[in-house]
Structures are given as C-alpha cells and as structure tokens.
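Subject: Structure handover

Hello,

Here is the structure I said I would pass on. Please open it next to the text below, which goes through the findings by topic.

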Amino acid sequence: MPTFVLTDVSSDVWTESLTIDPTALGLGQDWPWSVTKERLRGGRRDGVDLIVVDNGLLRFSIVPTRGMGLWKGWFQGNRLGWDSPVTDGPVHPALVNLSGAGGLGWLDGFDELLARCGLENNGAPFEVKTVKPDGSESHATFGLHGRIANIPASYVAVQVAPEPPHEIAVLGQVDETRLFGLGIRMATRISTVPGSNSLTIRDEFINLKDQPAPMQVLYHWNFGPPFLGEGARFLAPIKSVTARDARAGEGTRHHDRYQAPTAGFTEQVYYYELVGQSKEVPKTLAMLRNREGDKAVVLRFQKDQLPAFTLWKNTAGLRDGYVTGLEPGTNYPNPRPFEAARGRIVTLPVGGSYVTETTLQVVASPDEVAIVEAEVNRLQAQSAIIVSSTPKEPVAPEG
Amino acid sequence: MPTFVLTDVSSDVWTESLTIDPTALGLGQDWPWSVTKERLRGGRRDGVDLIVVDNGLLRFSIVPTRGMGLWKGWFQGNRLGWDSPVTDGPVHPALVNLSGAGGLGWLDGFDELLARCGLENNGAPFEVKTVKPDGSESHATFGLHGRIANIPASYVAVQVAPEPPHEIAVLGQVDETRLFGLGIRMATRISTVPGSNSLTIRDEFINLKDQPAPMQVLYHWNFGPPFLGEGARFLAPIKSVTARDARAGEGTRHHDRYQAPTAGFTEQVYYYELVGQSKEVPKTLAMLRNREGDKAVVLRFQKDQLPAFTLWKNTAGLRDGYVTGLEPGTNYPNPRPFEAARGRIVTLPVGGSYVTETTLQVVASPDEVAIVEAEVNRLQAQSAIIVSSTPKEPVAPEG
Amino acid sequence: MPTFVLTDVSSDVWTESLTIDPTALGLGQDWPWSVTKERLRGGRRDGVDLIVVDNGLLRFSIVPTRGMGLWKGWFQGNRLGWDSPVTDGPVHPALVNLSGAGGLGWLDGFDELLARCGLENNGAPFEVKTVKPDGSESHATFGLHGRIANIPASYVAVQVAPEPPHEIAVLGQVDETRLFGLGIRMATRISTVPGSNSLTIRDEFINLKDQPAPMQVLYHWNFGPPFLGEGARFLAPIKSVTARDARAGEGTRHHDRYQAPTAGFTEQVYYYELVGQSKEVPKTLAMLRNREGDKAVVLRFQKDQLPAFTLWKNTAGLRDGYVTGLEPGTNYPNPRPFEAARGRIVTLPVGGSYVTETTLQVVASPDEVAIVEAEVNRLQAQSAIIVSSTPKEPVAPEG
C-alpha cells in the first residue's frame, strides 16, 4: 500500500508540506478526496503540524503535534467541534504547562473535536504529597486529563488503499514514556472512505516496558452548534445514569436534554453504563441529535473496550464554551486514585497491548437520524434505566 | 491605510521577514524611517519574532512572541532599557516556566524595556491552596506578573499613514484565554511619528467572554544607564508615596534619588498616588532624569486609566541588574487577593473593554529636560506630598 | 584557528546545517574526519540542533539545544550510551517541565550519554516551603538534576587546528541566569583528535554576576551494552564506598559488579571517594569494563575539580533502562541543602570561575583494558578501601 511518511524520528524524516489526491496518485478523479499536510506558523500555533483529510463529503483535521487529536471537522456545511475560548489554536504543547493553574493548565490548549485523555491519568487533577525522611515534603501534580494530548507524534504517515474505495488512513505513534515511569506507545490509525459520512479511530496502546503498565484512556469528543442547541438531545442505550456531584444532581431529570447557551451555567457531568448489543457482540453507540431531529453525530464503540461513558454538559454562554462532551473511556474522569481503587484501570502486561476502536458517524437527514434512534431504542429495550441523581458508588464519590 | 499583516492565525498568515520603508512604499525619502521584521534563531530566542521600528531618530524593538512587549530602544546614541542578567534574550515563552521557581519563573525571560504584567494577576506571586472533599489538597501558583508577557500574539500588522507625517503603527492581538478562565484580548497599537522623540502604546483590553472579566495590568518600564546612574532622579507630581515594606522604608527619604551600582543592594519599592492635571483632564507624568539633567525618559499617561504608580529601585551591581522600573498600573504589584480586597481590580463587563494609553518620550538636552521638570512642578503645586516610610493601608500590607 | 560559528545570539548568527571535513578545509584527506551540524524536525525533537563529530574512529553527537550534552557515541561498532525509555529524543527542552512530576520532569528528556547536572542544584529534587507574613505559603520545587541540561546554548562554534593532528573542538556557551538568581556561564570545549579513542570536555563555569555564586555540577555519564552486561565490572581506585540508602546497602558487597537485565530491579547508588595520583597531581580515573575484559570505557578527571564520585546501578529490564551512571561531581547527588550543609558547594567569587576537565577514553582490546586496569591497581595500592553498607555521614543521610 502506498505509504507517505510525514514524520519518523527514528530515521530523521519530516515533511514540511504535502498534498495527496487522486491525481497525484494516478487514481483517476473518481471522487475529489485529498490529504494535505502543512506546518502552521505564528502565534501559539507556531511549529504545529496539521493534516487535513477531506474524503469529499467529510473533512477533518488531525494534529500530530498535539497527540494525533482531531482538531476540527466539517460535514456538508455542518461544523464538527465547538467554539473554544481558545481561539488561536491549535496550541503548541510547549506553551501548555500541564501542571500549571493547580493542574488545569491542560485547558490552555483545549479546543479540539477530539482530545484523548490519559495515559498515566485522566479526569480531574490530583496532587500527591510525599513526606521524606528528613521531614521535607514534595507535591506532585497529576494534571487534568493527563499528557497524551500534548505529546508530539514521533511517527506520522498517510496510506491510501490502491483498490477502490481507496480507504484513506493516517497513522501515528505517540509515546508517553520516561525512565522510572509509564512507557506506552499509542499507535493510532484514523481512517475514512472517500464519500462516506464516518471516520474510524483505532488506537493500540502498546506497553514498551518490561513491567506491567497501568493506563487510562478517555475519548473527549466535543460538539457545539449546529448539533448542540436548545432542545438538542443525547441518546444512548442506558443501563444506569449517575450524577457526578450535587451540581449534576440538579439536572438529572433532564440529563439527556440540552438548554440554550446560558451565561453563568456551571457544568453538569453524568456517568453512564450503556447497553451493549450482546455479551458476545458488545457494540454500543451514543448520539447527539439537534432539536429538529435532522442532524446528529453518532459515536460507535465497544463496551468491552470502553466500558465507562461520561456526558459533559457545558451549556454556558456561546463565548464561554457552549459545548457537550460525549466521552467513552476505560474509566470515569474521577481522580485516578478513586478509579484505581474501583478497578477501572487497564493494566497492560509486558509485551501486551490494548485496542480501542471508535467510529464517528455524521447523519444529516431526518430519515438517517430516525434510523439511528431506532437502533438506540432496540438496545434500550434490553434494559431498564437506573437513575441516580446523587453521586453513588462505585462510579462517583459519595458525599 | 496600507496594512502589512505579519501574523494572522485566523487566516494562516505569517511572514518570515519584511522590510518596510519610504522607498518600498513609494513615499519619497523624506525621512529615513523603516520597519523590519525577522525571526530569530538559535539559543533561547529560537523561534521568536522581532520587529524593529526606526523612526529615524528613535528606534525600538517589539516582540510579538513575548506578548508585544518592547525589548530594547535607542535614541540618538542613548540606550533605552537595561542590562538584564538574561543576556541571551528575547527568550521564547516555551522556555519560561511561569509557575517554576516558586512562581518566579517569569524572571527567566525578563529583559525588556517594557514588559506588561497581567492580566489575570500581576505583582508578587501567590499560591492558593484548596482542600478537596476527600481531604486531598491542591496548590495553584499564580506566578509573578502573570502570563501576558509570555503569550505569543495571534495577530500582528504594520500600518503606515499615507499622509505626512506618515505615522507608523504596529498592531497586535494577544489573547489570555482558556475555558473556565479569563478570556481577554489585548489589542495593542504601538505608534510613532518619523523623526519624533516618542512612542505611544494604546492597549484595549476586550472581554471575549459572556461573563464579567476581572483584570489587572501594570506597565513595567525598565531603565538602566545612561538615564539611570548615581545621582539620577525620579520626578513626578506626587500626592503620596508609601514604602512597600521595611526594606523600602530604609530609603524613603531618598525615594526619588538613585545611588551608584551597589553589589548586594536589595530592591526598594515605593507606591505612589500621582497628581493629575485635573479631574476632567487626568493626565499625569513620571520621569527619570540623569544627574546632569541633560537626558530623561518621560512616561505620560492618565490617572483614570492607570491610577496606581510603582517605582522599583534595583540599584544592584551592574551585572546583577542595575535598573529602575517606572510602573503605571491599574493596581499596585501586591498579590492579587490583597489588591482585590481593596478594589484595585478592573472588571470588564460582558461586551466591554478597558483602554490605557502611555507615551514614552525621550529628551536629550538640558532645555528639554527643564521644560518637563517645570511641567512636573506645576502639577506638584496642586498638592502636598504625604510620605509614609512604613507600609500603610490601603496601598501596602502593614506589618 | 579556523572557527565556524554556528550560533551566536549576540550577533544574530545561526546556521541551519554545515559539514566540515578535510576536503572542505583543503587539508588533504589524511584522515576521514568530519563535523556535521543539522536541525532536527518532527516529534519531540523538533527544533533541536545536533552536531555530530566523527574523528574517523570515535563518533559522538552534541546537542547545543540541550545544554551541550553528549547524546550518543560510537566507537568501532560499539555504541556509547544507553537505550533510554525516551526513544524519540533528543527532546526539546520546551517540552520538558522540570518542576513537573514532583520535580522528576527532567526524566522526560533523559536519554544522553552525558547529561550535566546543575548548576543551581543537582541530585534529588527538593521543595522549599515559605510561609509569608499573611500566612499564605509558597512551594518552590528544585527539580532533579537542575536546569543546565535543558538550556539551549547561546554560542556554538567549531574549531579545527590548522596543524596536524588537526584537533577538532566544539565550543559552546550555556547561561544559567536570571535576575535575583544564579548567573553562571558554562563555557565548554569538547575536543578530540582525528583517529584517537578519546574526547575531552573542558568546562569553565564563569560567574557573570557581581555577587558570589554557589554552584554544583555533576557529570552524568551513562552506559548500557555492550560495555554494561552481566558480569561487567566497575573499576576505580577507591578510598571509600558508601551505600546511599538501605536499598544500595543490599548490594554493597557487589557494588563493583553488574547483573543481567532484571525486570523490576530498583536502582542502587554508591558514593565514593577515589584515590588521586598524588596531592600535587590529583588525577584519577573510573572505568566500566565488560565481563570479557575486552572493552571498556574510562573516565579521567581530577579529584580537586570533581572530588565526589557516584555510581548509579540501574540494571533493570532492557526496555526499562538497563544502564549504569559513572558520575564525577563537585558533590554527591543528595538534595542541595544536605550537600550545602556539608560544604560540598563550589562558590565562584565575583569575577571568578571554576574549571573541570574530563576525558572519556574507549578501549576495545584485552591488552588496552589490562593496561588501564593496571593503572587503577597502582593507584589502589596507595589506599585501603573503607566500605560502608549503611548510609553514613558526611556523604549520605543516615537513617
């Protein structure tokens, strides 16, 4: 398969800019897809590499410099993503102090459609205090959502299948590794088929070390208008929904409905267990649908890979970040010690790896939306919904 | 007006280097002014953009990568600025850890003629401890003088007025913004007229968010020789001067006079209220004059915009940073909580902004110096001077 | 002497790439040496400058962007250095948060053959808590091994002696300096002679300030296979060896022998006083020899310059960092306050400097190894060895 290596630090390869399209590959202009790579300059984005994949219908950008996250997307005039208060991104990780701001420094660069959270930790920041033999203390801050979204990829390549439908794949490797610490390689493959309404992210997390490696990963998919709006709905086949805290508890009854942009709104977060197709086929899905029911974004993934689902509702003012996060993960975004104590940590054995696969599908007609809703309803029929409007063990810290 | 956009992240514009002068604009060589832009390479300055404006008489450099600060200046053979122990600047913000060194990391890059301090906080660093429900703690460090001087500008342009005297203006936008945090755009306009002895900085601080935005800004103007030297004087129309602390108290009687470089000298800081021209016309000024009285730098600003004035005397050894700071601000550089409790925080309403304008004027003859001194004296005649050699509320923490 | 300036921020010189060899200098191809300089791109190395010196027999790389450290070396098919879990280096300092991870952030970039540790502090991280008059606290983290290995050089040049044997020298200046803080310039000269089996590093630490400057420096030389391996030996003329802590105490009897890669092995560290040739000629040496005794790396230095010698044994799994560190220093890598209290801090007077010189010699035949061993033995004959398998004052904290 033709492979265009854009970055490979092991052989000192790096390509400043590139465009790949059917003409360049001599494939005939069957569908006007393209992949372009450029280096951004100026401002806080200076030195950031950006790849834009356009399958002719669906377009999205990948940021190798920011851990192979997805920056923005577009589908038939609909924007995928949100208006972050970070207006000048994608921000170079060198300008993001993850341990700054009491562990909230991650927010300095947060503007993505998809930011992966992990791998040493994700979720709320926490601090570990150590008292040394001489009585002195040290404080280690584990910042919000970990480091993976701010690590430049050491390997980036583009592959185009020589046979129709000429699947396009962007490959990347991001290493979160240090002596005496975690050593995990995330090998990602982000693919789409020309003319399709979906993209698929397959991540393999490979233990690079000779010790078992505990890890967490959470996929922070973020959407604003036109999918999010007053009356928009969250749909998924739900076994249980639990308010993360008292603030979320105030809105549990409407956990699946969104309000209009509301200045001063404080975020509400809900933890879910979803219904899978079956034990053998643990596929599930989650969906954000606009009020009219003629547009929706759908995430498809597997419960056995990503068993914990989190919904982040931040229907604040439009300029404060009017956004919702649909977040399948290996765990809930509580501080890691809480998750670890409840067994929601993945441990990679020596020589082992862990795979997740998530598909983002965009539907933009009432009929298509109805079809996905019916799919949700069929799965929902397997289970009643347990609702907890107070935080409840084992998913959320009580009291 | 001809506008040369050097950086605009919103449209992916960035210019590596550029020279603008009368010839390039077809204006005729009426005065040998120029504006040049380059990218610096190597050392800690690698990747820093630098603009040098030469109006033919006054020359100064602007650092878009460091928050549109002024790096160095020159006027008829006189250097504006100081010899910082940071000898290899301008330092790229990616190499400055603002929360490092107990919140003093800002000093790693501090070498400017003008560094703006703010916008979330300025002044002394402070730490906020939070105890969480589970008993764990978190510590957030608010570093010395805040972040604005270490944020790369997302927009930079040069304008030259088509009509004589062809005013030259450098425009910049620097955004201090994050989700759940401050969201303020500083839109600056730094202008000078060919052949003049002054430059003017007009900053508009624009609230980008749907919530009111509290802010602080302090203009840290720094001068060493030849304006600073033994016997040099600080002159301004003074209502009150208060020693910041006991150390400053030791020198209150000579607050307006400078000594020779003195190895081991510990800084002294004084807080002033100045006299304005009138309530309606709140113009005021502050001046650093050499001993001989034949050279001076003068800052002109408005009391209603920048009501708090701070003088920083750091007459340490020449190689330790022999420098004085003339610092008009919205507040005194105490830790923000102190200033906030005393009402010295500006709150930008939703959709609102705040404007400051400061002119730096350089005078280099006894006659010109005398004229400005007379101006100071006329304003001083309106008011007695209240001197406090101990720190005193509400401007400085007592005891 | 022909000098090729690669970086000089004082005159805005920076060279993207360069190759110097006998042909380029018109010296005749007496020996196929070369010096090449390039800028690395992509991944976490993006923007890092790298110099490779090949003397025809011995090849090594220098990283100006990382404090003029030595990255990797090769000698007749033998690799000098180690396989760090940091697989994508050399890592740009802008991506290393030295105060992160509780002061262990330095490890994010640690993959060198030689990393210098210092200058404000080296050794274990420590935290200084300050309680302010208003009762608030601040915590300053002094990170593991200090800052010097993560400061880009402000001056870099290559010199080639015009006369045979055409000594090759790479010069560099790295400034660790800030207002109110340390102000030391490290002027390094890294030299080798074409066709030789050694390189010499001469560092002069120059006080840039008008105040005395306390400093520490430790040379963290790191070796993995083929010099390190099961049965490999550490040899040096030893006056005393002291286990750093209880963990090291477990292995004191075998302090000078290495085991095979052992997953889960916890590091062991020993502190030595070595024997010098004489009081007047304080030369000494330390050596790592493979089991077969046909390959060794030898460090030669002076006890009066580098009186404290530390051995770091980290015979962990191959992929976890199977490595040993031979570390001559001005001090032991205890937290600086401990070292300061025991007088192991160098104080540079005003206008003064401190020089260290270390030679790395590589020997790759049984005869040559035997010659160096005999040299060690001759020095050892001057002194008995005092062994302490418990940490013992004044070199290591007791209890």
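Predicted model: local features only at pLDDT ≥ 70, side-chain atom pairs only at ≥ 80, totals over all residues.

Chain B has an open sheet built from 10 strands, paired antiparallel, and the order across it is E2-E1-E12-E13-E14-E15-E25-E21-E20-E17. At the edges stand strand E2 (13-14) and strand E17 (233-235) of chain B; each has a single partner strand, so one side of each lacks a neighbour in the sheet.

Within that sheet, strand E20 (residues 283-289) and strand E21 (residues 296-302) of chain B run antiparallel and are joined by 7 bridges. To find your place there, look for B:Thr284, which stands opposite B:Phe301 in E21(B). Helix H5 (residues 366-380) of chain B lies across E17, E20, E21 and strand E25 (353-363) of chain B, and it runs at about 135° to E20(B).

The sheet in chain C

In chain C there is an open sheet of 10 strands with antiparallel pairing, in the order E2-E1-E12-E13-E14-E15-E25-E21-E20-E17. Its edge strands are strand E2 (13-14) and strand E17 (233-235) of chain C, each pairing on one side only.

Strand E20 (residues 283-289) of chain C is linked by 7 bridges to strand E21 (residues 296-302) of chain C, and the two are antiparallel. Here C:Thr284 is placed opposite C:Phe301 in E21(C). Helix H5 (residues 366-380) of chain C packs on the sheet, where it touches E17, E20, E21 and strand E25 (353-363) of chain C; the direction of this helix makes about 135° with that of E20(C).

Chain B against chain C

The contact involves 37 residues of chain B and 33 residues of chain C. Between them the two chains bury about 2900 Å², with 49% of it on carbon and sulfur atoms. Of the area that chain B buries against chain C, 20% is supplied by B:Arg41, B:Glu127 and B:Arg319, more than by any other three residues.

There are 5 salt bridges between chain B and chain C. One of them joins the side chains of C:Arg178 and B:Asp108, at 2.6 Å from N to O.

On the chain B side, strand E10 (126-131), strand E22 (308-315) and helix H3 (318-321) each give two or more residues. H3(B) has the largest share, with 4 residues. By type, the side of chain B that touches chain C holds 15 nonpolar, 11 polar and 11 charged residues.

Chain C against chain A

This contact takes 38 residues from chain C and 34 residues from chain A. The buried area is about 2900 Å², 49% of it on carbon and sulfur atoms. C:Arg41, C:Glu127 and C:Arg319 supply 20% of what chain C buries against chain A, more than any other three residues.

Chain C and chain A share 5 salt bridges. Among them is the one between the side chains of A:Arg178 and C:Asp108 (2.6 Å, N to O).

From chain C, strand E10 (126-131), strand E22 (308-315) and helix H3 (318-321) each supply at least two residues to the side that touches chain A. The largest share, 4 residues, comes from H3(C). That side of chain C divides into 15 nonpolar, 12 polar and 11 charged residues.

Regards

Definitions and conventions:
Residues numbered from 1 in each chain as written. Chains lettered and ligands numbered in written order. Heavy atoms only, no water. Contact = heavy atoms within 4.5 Å. Buried area = accessible area lost by both parts, 1.4 Å probe. Salt bridge = Lys/Arg side-chain N within 4 Å of Asp/Glu carboxyl O. Nonpolar A, V, L, I, M, F, W, Y, C, P; charged D, E, K, R; others polar. Pairing = 2+ DSSP bridges. Axes fitted to C-alpha atoms, helices over the stretch in contact; angles between N-to-C directions.
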